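Welcome! Please have a look at it before reading on.

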Amino acid sequence: MNHTTRIRIRGIVQGVGFRPFVYRTAIKHDLTGYVLNCGRGVEIMVTGSDSEIERFLSGLQTKNPPLSKIYSIKTTRIPGKDFREFTIKTSKKHSGVGSSISPPDTGICDDCLQELFDPTNRRYLYPFTVCTNCGPRYTTVSDLPYDRENTTMIDFPLCGACNIEYRSPEDRRYHAQPTCCPACGPKMLLYDRKQELIEEGNDAIRAAAAHLDRGAIVAVKGDGGIHIAATATDDAALTTLRERLGRSGQPFAVMTEDMDAAKEFAVVMPIEEGLLSDCRTPIVLLEKSENYDLSEQISPFLHNIGVMLPYSPIHHLLFHYGTESAYVMTSANLPGLPMAISTKEAFSEMNGIVDYYLLHNRRIANRTDDSVVRVVGNSPSFIRRSRGYVPEPIELPFAVAPTIGVGAELQSAVTIADGRHAYISQYIGNTEKIETLKYHNEVVRHLEKLTGITPARYACDLHPLFNTTKYAEDVASGSDLPLVRVQHHHAHLASLMADNRLPPDARIIGIALDGVGYGTDGMVWGGEVMEADYHSFVRHASLKSQPMPGGDLAAYYPSRMVLGMLYGVLDERELHNLDLWFRYGEDERTVVLKQLERGANISHTTSMGRVLDAVSALLGICYHRSYEGEPTMKLESDARLGSDVNAPIIPVVVSGDVLDTSQILSGVYELMGRGRYSRADLAYAAEDALARGVADAALRAAAKTGIDVVGLSGGVAYNDHIVRRIRQVVEDSGCVFITHKRVPCGDGGVSLGQAVVAGIAGV
Ligand code: ZN
Ligand code: ZN
Ligand code: FE
């Protein structure tokens, strides 16, 4: 006896080969009916025997395509329906009520790669070769449902041969939205410095590779944006690039031809090898090996280097035509501005910076920077969660009201959450800049459209002057919706809790360590121990409030921080004799000491970032921050050469609710005076003391409250040494230690915390 069952599946099931998979599975089990994409997922109708439908359902869940993800399956028995055959129906019109999302971009799959280099294949050396299992997705989508007419591929009508593949359920390219071929698809274009077209098609890639190998700087358009490429061994080319870009020391990422090429200059641990070869192809921060032979200009004075493997066929072809096995591939953007994605932007922003432009005529619908991952304490930690991961949602441990979290200021991303799903956007950047703010606002609108979620509330940072705060105030009041202001470090910790799927009533002792966050007292916080839940927090302890002579200037010139932290600890003669560097020489030191004496032009901070900066300057490692995090990253590079065996122990003083960081810095100063310790050991000792200090403060709060889960968030949580030490102290005490898993611990994760705090209050 046959029955008909309607099956509704929610998840990442559109654009990942799910419908042909359903089709094949249905045919195998002798079922009739149909499958179609509908708003939030796919709808399937099947007629057949109960046992075959049962087996069909289990096949759907166990053999689903690699990129698909099933969140829920709902089955309903439908009386009196019958079908003659099984068909794949065209999509229901986008309901607008809420939709399934498009999948993230992935790198080219093995089947397509094989075709790319098969001389007998009609896509031989074709730079836009894709199939249902691979290629750009999110970066091409302008609307839902995920069908070709809602992607940038609408510009390229399918030719006869492609159309046959596209319509054959048995074909790997069945309904592969970005599919195309040399006859019907996009093509490469090479422009010279004068922005005149000089080559087309594969000749363009061949010529670009030759120019790169000769030391030229070339803009290369890929899937989610434009890179600036240069050879990775040519100091002169990279020095020129740094000058033209106005980026003096900020590290560049490198793309290598394959895994072996990466292993020639970097240490690749198995977990890192897994990340590098994953279809999401992030940039992975690797330790430089002893055989490191690339240019020192790539990541000057750092022990690590960002590496990724080719993901677009365009990249594979560059290596195919070129002679080098590694190219610098850094996002094509001016400092602080979004990456260029169109020919127009490339021509206006990269003019005078690049020598050639290797572009193509496939539009990019969503600008998406490369993701950056680093292994910290043996697990992957997102520095930037972007291409390859976005817009895949983070599953929440409870339902929230439809909420948009607009993020903080630097490293920003936005989150739109509804029910049990939170969609964190791609990396946006520094919203202090008006161009980036504009991009931020575009991302909010676009994410609303692509998720079909209509927000019922907004969440922003507590900082009244952030551009994102002002934006949230505008949109919330314009639509008469509530706006929830979430303290920065509370947002970090709520994000951490949601990332770890803690239940709605969970409470943790959270350690939030970063550069800047606006406190409830109007001060700059950044080294906090809090008792936190999803609704509120109690600040139990913090780093000592330290003066920042000249305000923000002290963040750029950490010698100022050193004087501030040691003022009143060392005597005047010692303060004058400290080996530091000031932009305006010794006169500046005198001015700073005067400011400290009078208490004039000084702000205060409890930031861990500023303390690490000060250690970096005191040890002579870094006196000027030319990019975000530079002094602390360089300190970390030095400290990793230090060790438990040789490094001295700096005692830690926690009095009441304050960790005395002046005392730790003066401890470093005193040890320097003894002349017995290397700079590496002193760097190690300082990081260690700070880690032990905050861990102690957290354990005191744990003992006082009876809470036995201690968590760590904030940008300092990328420091492997500090994380390991805090974890060890916490776990030795018998408490549970948690840190981030799927969400960045830096400000890229703040919008999730905002959305969760505001969203849980709205249900
Ligand atoms: Zn493929
Ligand atoms: Zn074609
Ligand atoms: Fe932060």
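## The zinc site

Donors are N, O and S atoms within 2.8 Å of the metal (3.2 Å for Na, K and Ca); water is not among the atoms, so sites may look incomplete. Keep in mind, too, that this is a predicted model.

With that in hand, let us start with the zinc ion (ligand 1). Its protein donors are the SG atoms of Cys109, Cys112, Cys131 and Cys134, which lie 2.2 to 2.4 Å from the zinc ion. The angles among these four donor atoms run from 102 to 119°, and the site is tetrahedral. Ideal angles at a metal are 109.5 degrees for four tetrahedral donors.

Along the sequence, the zinc donors follow the spacing C-x2-C-x18-C-x2-C. Cys112 and Cys131 are both buried.

## The iron site

Which residues are the protein donors of the iron ion (ligand 3)? They are His488 and His492, each through NE2, together with Asp514 and Asp747, each through OD, lying 2.1 to 2.2 Å from the iron ion. Here the four donor atoms make angles of 86 to 172°, and the site is irregular. A tetrahedral site would need all angles to lie between 85 and 135 degrees.

The iron donors are spaced H-x3-H-x21-D-x232-D in sequence. Among them, His492 in helix H13 (residues 488–499) and Asp514 in strand E22 (residues 508–518) are 22 residues apart and link distant parts of the chain. His492 and Asp514 are buried.

## Two helices side by side

Next, find helix H18 (residues 608–618) and helix H21 (residues 679–705). Their axes come within 10 Å and cross at roughly 160°. That angle is why H18 counts as roughly antiparallel to H21, and the crossing of H18 past H21 is right-handed.

The residues that meet are Met608, Val611, Leu612 and Val615 from H18, and Ala686, Glu687 and Leu690 from H21.

## A buried valine

Is Val592 buried or exposed? Val592, found in helix H17 (residues 586–598), counts as buried because its relative accessibility is 0%, and buried means under 20%.

Setting aside neighbours within four places in sequence, Val592 is in contact with Pro549, Arg560 and Leu563. The C-alpha atoms of Val592 and Gly564 are separated by 8.3 Å, with the two residues 28 residues apart along the chain.

Definitions and conventions
Residues numbered from 1 in each chain as written. Chains lettered and ligands numbered in written order. Predicted model: local features only at pLDDT ≥ 70, side-chain atom pairs only at ≥ 80, totals over all residues. Heavy atoms only, no water. Tetrahedral: all angles 85-135°; square planar, octahedral: opposite > 155°, others 65-115°. Helix = DSSP H or I, 4+ residues; strand = E, 2+ residues; numbered from the N terminus. Buried < 20%, exposed > 50% of the residue type's maximum accessible area, 1.4 Å probe, protein only. Axes fitted to C-alpha atoms, helices over the stretch in contact; angles between N-to-C directions. Parallel < 35°, antiparallel > 145°, perpendicular 65-115°, else oblique. Left-handed = near helix turned anticlockwise from the far one by under 90°. Contact = heavy atoms within 4.5 Å.
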